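User: I would like to learn how to read a pocket and a core in a model. Please take me through them one at a time.

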Amino acid sequence: QVQLVESGGGSVQAGGSLRLSCAASWGTLSSYNIGWFRQAGGKSREFVAAIHWSGDSTDYAEDVKGRFTISRDNAKNTVWLQMNGLKPEDTAVYYCSATRTAMTIPLGSWGQGTQVTVSS
């Protein structure tokens, strides 16, 4: 198993950028598909992006395609989410998780997340 810690959130204006990091605090994430998910106030947690353990395949939610990029470096035990062109509706707490073979489905072990706030 692997335990993940998110970082890199903050407050930006619309159109700005942030880079989130997901690091393994315990274990190694190199053999896991890793996904980013987010939860806005009063809403359910939703899929944002995921990357295959090999790095060869990625998947994105429709509303972030072309703006967000997920990447990983297994040697650094880290997955990143580069977020460009941020919109107020991207405001949420962002979490990373290992995922099932279907990369939109998290295995469900959640950390504290990192808050992203986008102002208009």
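User: Which strand gives the most to the lining of the largest pocket?

Analyst: A pocket is an open set of points on a 1 Å grid over the protein atoms alone where a 1.4 Å probe fits, with protein on both sides within 12 Å along at least five of seven lines; lining residues have an atom within 4 Å of a point. Here strand 9 gives the most, three residues. Strands are DSSP runs (E, at least two residues), numbered from the N terminus. The model is predicted: local features need pLDDT of at least 70, side-chain atom pairs 80 or more, while totals for chains, interfaces and linings use all residues. Residues are numbered from 1 along each chain, and side-chain values use heavy atoms, without hydrogens and water.

User: What lies nearest the centre of the largest pocket?

Analyst: Gln1, Val2, Gln3, Ala98 and Ser109, among 13 lining residues. The lining has no charged residues.

User: Is strand 9 buried or exposed?

Analyst: Buried means under 20% relative accessible area (1.4 Å probe, protein chains only). Seven of the seven residues of strand 9 are buried, so strand 9 is largely enclosed by the rest of the structure.

User: Which strands does strand 9 join?

Analyst: Two strands pair if DSSP finds at least two bridges between them. Strand 9 runs antiparallel to strand 4, with six bridges, and antiparallel to strand 10, with three. Phe37 stands opposite Tyr95, and Tyr94 has Thr114 as its bridge partner in strand 10.

Definitions and conventions
Helices (H or I, at least four residues) and strands (E, at least two) are DSSP runs, numbered from the N terminus. Ala, Val, Leu, Ile, Met, Phe, Trp, Tyr, Cys and Pro count as nonpolar, Asp, Glu, Lys and Arg as charged, and the others, Gly among them, as polar. Buried means under 20% relative accessible area, exposed over 50%, partly exposed in between (1.4 Å probe, protein chains only).
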